[in-house]
Structure formats: C-alpha cells, structure tokens
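User: Got a model open here. Can you walk me through the packing?
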Amino acid sequence: MPGFATVGLLAYAADLALFTCLRGPAGLDPLTAKALSFVAGCSVAYLGNTLGTYRGTQPKGLRPYAVFFAVNLAGALVQLLCLAVSHYGLGLTSQRADTVSGAGIGMALATILRFWGTRTLVFRNQGTVGSWTG
C-alpha cells in the first residue's frame with residue numbers, strides 16, 4: 001500500500017500542476033483543463049503502478065489502461081457524489097463543508113475504491129488476486 005500511496009501522490013501532483021497551468025497561463029476553461037489534467041494524472045498513476053507498485057504483473061495492451069481509467073473515473077464520481085450529497089442534499093454549503101465532504105470523506109472512499117479496483121481488475125497476478133493487504 002505505501003507504493004500505491006506514493007504513486008497516487010505523484011499522480012495528484014501532476015494533475016494539480018497541469019490543471020493550474022491550463023487554467024492560468026493557458027487560459028482554458030475549468031472543465032477542459034480538469035478533463036485534460038485528469039487524463040494526465042491517470043496516465044502518471046498507471047505508469048507508476050505498472051513500473052513500481054505492481055511491477056510483478058505484466059498488463060498488456062490497451063485494455064488494462066482503459067480499465068484503470070474507468071476505475072479512476074469511478075473514484076472521481078464517488079468524490080463528486082459525496083460533495084453533491086453534502087452540499088445539495090444536506091444543505092452544508094460552506095467552503096469547509098465542501099472540502100470535508102469532497103476532499104476528505106470523498107477522497108478516502110475514492111482511494112479505497114481505486115486501491116481495490118486497481119489491484120483486483122487491472123494488475124492481477126497471473127489471473128489471481130492477492131490478499132487485500134499484501
């Protein structure tokens with residue numbers, strides 16, 4: 001799990017840096033900038049997991065990347081759902097509440113989903129899945 005977390009932090013940094021550049025100097029609209037930075041972050045995470053965390057497996061072709069991207073997209077949707085429930089469903093509209101629900105609770109749940117999905121669906125070890133912890 002430490003390798004997965006390290007790769008995740010690097011992917012997050014790439015996503016954030018690219019989003020900042022695309023929104024600022026490049027002048028792109030927020031949704032376009034976020035979509036492009038999300039794809040870049042997913043690519044960094046896939047490469048890091050392929051070469052590092054799950055280097056013992058040998059995913060081949062585009063299918064593993066497509067599944068990895070889908071797992072990460074599902075994680076992003078979990079974060080958005082937590083934010084939407086808190087903000088619109090529960091009426092907790094402060095910036096602090098949005099941060100706690102989206103970047104706190106949502107990120108924690110999304111990370112669990114991403115870890116499970118990455119390990120179970122993308123980086124299988126010869127068709128079998130290892131234990132949750134090791």
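User: Tyr 46 and Phe 68: buried or exposed?
Analyst: Both Tyr 46 and Phe 68 are buried. Buried means under 20% relative accessible area, exposed over 50%, partly exposed in between (1.4 Å probe, protein chains only). This is a predicted model: local features need pLDDT of at least 70, side-chain atom pairs count only at pLDDT 80 or more, and totals for chains, interfaces and linings use all residues. Numbering runs from 1 along each chain as its sequence is written, and side-chain values use heavy atoms, leaving out hydrogens and water.

User: How many aromatic pairs are in the whole structure?
Analyst: The search finds 8. Rings of Phe, Tyr and Trp (its six-membered ring) pair if their centres lie within 6.5 Å; planes under 30 degrees apart are stacked, over 60 edge-to-face, the rest tilted. Tyr 46 and Phe 68 make an edge-to-face pair, 5.4 Å centre to centre with 65° between the planes.

User: What does that pair tie together?
Analyst: Tyr 46 lies in helix 2 and Phe 68 in helix 3, so the pair links parts 22 residues apart in sequence. Helices (H or I, at least four residues) and strands (E, at least two) are DSSP runs, numbered from the N terminus.

User: Which helices do the buried residues of helix 2 pack against?
Analyst: Helix 1 (2-23), helix 3 (63-89) and helix 4 (95-122). Those buried residues include Phe 38, Ala 45 and Tyr 46.

User: Switching topic. What does Val 122 touch?
Analyst: Leaving aside neighbours within four places in sequence, Val 122 is in contact (heavy atoms within 4.5 Å) with Tyr 46, Pro 64, Val 67, Phe 68 and Gly 117.

User: And where is Leu 90?
Analyst: Leu 90 sits in the loop between helix 3 and helix 4. Leu 90 is exposed, at 59% relative accessible area.
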